[in-house]
Every structure is written in structure tokens, then in C-alpha cells.
Amino acid sequence: MNIFYGINTVKNLLKYKYTYIEKVFLCLRKKNIKLMNLKKIILYKKINLIVFSPEIFKKKFNKLNISHQGVIVFIKKNIFNFRLNDFLNRIKKKNSFFLILNNIMNPYNLGACIRTAVASGISGIIVSKNNTVSIENSIVHKTSSGSIYKTFIFQYSNISNIINIFKNKKYFVIGTTIEKYNCIFNYNFSKINSLVLILGSEDKGIKKSIKKKCDILVNIPIKNINSLNLSVACGISIFEILRQKKLF
């Protein structure tokens, strides 16, 4: 089991993935309306709930050194057990938009990218298993502010094979790079039906082998610094593509 925490995270977990919850630890604070509302939802869904006084809760969980906000959840590990092929066969292909995150070691960046992608209405997110922070990392969940439960996330070791799956289904594959290729603001995405956007780490980017599989490589023009924060680059890239396709 993994531990997740924070009022917004748990609220979304209860709404979208409550069947994966093993038990909830709640700090009894009668004046905290948000915690009291969470308690009502937990009891309604008949989830195993353990309530502690503030003193006992602090003694039991403060050693974890996390911003728990008075609620901690134990969850099963198979929460993201989805199969991409099955999913692609079920959804409408027109205007579908997937994000691939490759070699992301910073859990805060990964969580922020997921939050941005969900805000954009992305169809799904693929996260590489190798050289990437675990999708089950509690910091990832916390940083996503619970949005991680509002989308479909797929984990695979071999991203090259995943790109092949998309290309076989006629998806247009866009790779991002800090090198000067095609400026993302100048390339015309408006007539592309379904597509995949790939982002890598701030320092290394996406692998050369993956770049070769892309239909196009694009960059965000910047001045004075070498690179943008990954989640910022993620937001700019996604929303520029959506703007051109007039999907907002």
C-alpha cells in the first residue's frame, strides 16, 4: 500500500478512485468544515475510517514530515493498471490528444505536468517506468492536487513500443526539444486530427531513439536562460496546440 495525503488530494481520490482506498486516517477537528465533509463522504462510501484526536494524530504521523492537513489515506498499488491498446480501441480518435512524459525524475515536475494536462482536457497520459519517478509517489499525487485521479494514466517500460502503437493508429507524434528545430508557435497543428506530445526531463530531454520516431520536433523559443521549468514548457506546448486546433 502507498500513503497519500492532503484535503484536495483525498477529496478527488474519494470522488474518482475511492474503490482503491484501503483505509483513511482522519484528524478530528470539529471546527474544520473540510475535514468534517470528508468524514461524511468516507462514511457514506463505507470506507474503513480511523479517527484520531489532534494530539494522537500528530504523535502518530508528524514523523512522516508531510503536509497531511489532517487526513492520510492508504491505497492499493494497482490504481493505474490500465492497458493503452484497449483504451485506444474504446475512445473516439478525432481530436484525441495524448501526453508522453519520459525520464522525469522530479516528482514535483511530474505532478505539475499531470495537473496541467488534466486542466487541458487531455485524453490520457503515458509515463515511462524507467528513469522516471514512480507515478505512485505521494509527492506526485500531492503536487497534482488530486487531478491525477481525473484522467487515465498508463505506465510502460518501453516508450518506443508505445510510440509504435500510436503511429500504427495514425497518430501524429510531436517531440519537444531545447534545440532549435521548428518553433512550436510557427508550426500549423490545426489540421492534425489526433496527436501525441512527448516531453522529457529539463536537463536531458527525450532520448535520441525517441526523437527519431517523432513526426516533428518542436521547441519553445526562449532568451537569457537555457531551459524552462518542465511543467511550464508542458503547459505552453499543450495549450498552444489546443489554441491552434480551436479546442478551447
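Predicted model: local features only at pLDDT ≥ 70, side-chain atom pairs only at ≥ 80, totals over all residues.

Reader: How many helices and strands does the protein have?

Author: Helices (H or I, at least four residues) and strands (E, at least two) are DSSP runs, numbered from the N terminus. Here the protein has nine helices and 11 strands.

Reader: What radius of gyration does the protein have, and what would a compact globule have?

Author: The radius of gyration is taken over C-alpha atoms, and the globule rule is 2.2 Å times the number of residues to the power 0.38. For 248 residues, the rule gives a value near 18 Å for a compact globule, and the 20 Å of the protein agrees with this. Along the principal axes, the C-alpha atoms fill a box of roughly 60 × 45 × 35 Å.

Reader: What share of the residues is buried, and what share of the contacts joins residues at least 24 apart?

Author: A residue is buried under 20% relative accessible area, exposed over 50%, and partly exposed in between (1.4 Å probe, protein chains only). Of the 248 residues in the protein, 50% are buried. A contact means heavy atoms within 4.5 Å, and among contacts between residues at least 6 apart in sequence, 82% join residues at least 24 apart.

Reader: How many salt bridges are there?

Author: The general idea is that side chains of opposite charge can pair when their charged atoms come close. The rule asks for a side-chain nitrogen of Lys or Arg within 4 Å of a carboxyl oxygen of Asp or Glu, and by this rule the count comes to three.

Reader: Which parts of the protein does the pair D215 and K167 tie together?

Author: D215 and K167 form a salt bridge with 2.9 Å from N to O. Because D215 lies in the loop between α8 (208-211) and β11 (216-219) and K167 in helix α7 (residues 159-168), the pair ties together parts that are 48 residues apart in sequence. Both side chains belong to partly exposed residues, D215 with a relative accessible area of 39% and K167 with 29%.

Reader: Where do K211 and E179 lie?

Author: In this salt bridge the closest N and O atoms of K211 and E179 are 3.6 Å apart. K211 is in helix α8 and E179 in the loop between β8 (172-176) and β9 (182-183), so this pair ties together parts that are 32 residues apart in sequence. K211 counts as buried at 18% relative accessibility, whereas E179 is partly exposed at 37%.

Reader: In which helix do E240 and R243 lie?

Author: Both are in helix α9 (residues 230-244), three residues apart, which is about one turn of the helix.

Reader: Which residues lie nearest the centre of the largest pocket?

Author: On a 1 Å grid over the protein atoms alone, a pocket is an open set of points with protein on both sides within 12 Å along at least five of seven lines, where a 1.4 Å probe fits, and lining residues have an atom within 4 Å of a point. Grid points are joined across faces, edges and corners, and a volume is the space filled by probe spheres set on the points. The largest pocket holds about 460 Å³ of space, and among its 26 lining residues T177, I178, E179, I220 and S227 lie nearest its centre. Helix α9 gives the most to this lining, with three residues.

Reader: Where is N103 found, and what is its phi?

Author: N103 is in the loop between β5 (97-101) and α5 (107-120), and its phi is near 60°, a positive value in a residue other than glycine. N103 is buried, with a relative accessible area of 12%, and is one of the residues that line the second largest pocket, which has about 180 Å³ of space.

How values were computed. Residues numbered from 1 in each chain as written. Heavy atoms only, no water.
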